[in-house]
Amino acid sequence: MEQNIEYRQQLAREYRQVVTPLLTYLPWLAKNAGQPGSTAYRGDAYSEQSVSFSFPVYDSTLMAFIKEASGSSLMEKNYSYVYTRNRIRTHDDERRVIRSAELRDWDILRGILSKYVLGGRTKAILWSEAVRENIFALVLERMQVIIDYWDKPLDEGGTR
C-alpha cells in the first residue's frame with residue numbers, strides 16, 4: 001500500500017514540473033472566463049467591389065499560453081479518443097468530467113486541454129471557445145488540486 005502512495009507522489013512531482021509553467025497563466029484565464037479572448041479584425045474595404053473579410057486577433061497572453069502548452073508533454077494527439085471513450089459531447093460534459101477528475105483521470109484532463117490547444121491550430125475558434133467556456137482555467141485548476149493533494153508527505157501514521 002505504501003509503495004502505491006509513493007508511486008502516486010512520484011507521479012504528482014513529475015506532473016508538477018510539467019504543469020507549473022502553465023499555472024502562471026491561470027489568473028489571466030480565470031479573469032477572462034466568459035469573454036472571447038480574441039477580437040475580430042475587419043480589413044478596410046478599398047472600394048465597393050473589393051471583398052471585406054475578417055479574422056480573429058488573439059490576446060498575446062492567450063497566445064503565449066497556447067505556445068507554452070503546445071510544447072509541453074501534456075498534449076495528447078489522440079484527444080478525440082478521450083472524448084469518445086468518456087462520452088464527452090458538450091461543454092457541460094467537459095466541466096462535469098473536469099470537476100470529478102482524480103489522479104487516475106490525468107489523461108482525460110490532458111485530452112480536454114489538447115482538444116482546444118491542438119485543435120485550435122486548424123479551427124482557431126477553439127482557443128476563444130476554451131477561454132469563454134472557462135475550460136482552460138478549469139483544467140489547470142483541477143490539475144493543481146490533484147498535484148497539491150498527492151505531492152505532500154505522508155502523515156506519521158503512514159496515511160494521507
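I started with the largest pocket: helix H1 (2-23) and helix H8 (135-150) each put at least two residues into its lining. Helices here are DSSP runs of H or I with at least four residues, strands are E runs of at least two, and both are numbered from the N terminus.

Before going on, I noted that this is a predicted model, where local features need pLDDT of at least 70, side-chain atom pairs count only at pLDDT 80 or more, and totals for chains, interfaces and linings use all residues. Residues are numbered from 1 along each chain as its sequence is written, and side-chain values use heavy atoms, with hydrogens and water left out.

**Pocket.** I looked up who gives the most to that lining, and H1 does, with 4 residues. A pocket is an open set of points on a 1 Å grid over the protein atoms alone, where a 1.4 Å probe fits, with protein on both sides within 12 Å along at least five of seven lines; lining residues have an atom within 4 Å of a point. By class I get 5 nonpolar, 1 polar and 3 charged residues, with Tyr and Trp counted as nonpolar. The volume is about 160 Å³, taken as the space filled by probe spheres set on the points.

**H8.** This helix has 16 residues and runs 23 Å from first C-alpha to last, close to the 22 Å expected at 1.5 Å a residue; the expected span is 1.5 Å times one less than the residue count. I checked burial (under 20% relative accessible area, 1.4 Å probe, protein chains only).

What does Leu23 touch, leaving out residues up to four places away in sequence? Leu23, which sits in H1, touches Leu140 and Gln144; contact means heavy atoms within 4.5 Å. Leu23 and Gln144 are 121 residues apart in sequence, yet 8.1 Å apart C-alpha to C-alpha.

**H5.** In this helix (residues 91-100) I found Asp93, Glu94, Arg95, Val97 and Ile98 buried. Their cover includes helix H4 (79-85), helix H6 (106-119) and H8.

**Whole protein.** I count 8 helices and 2 strands, in the order α-α-β-β-α-α-α-α-α-α. Of the 160 residues, 41% are buried. Among contacts with a separation of 6 or more, 71% join residues 24 or more positions apart.

Key. Buried means under 20% relative accessible area, exposed over 50%, partly exposed in between (1.4 Å probe, protein chains only).
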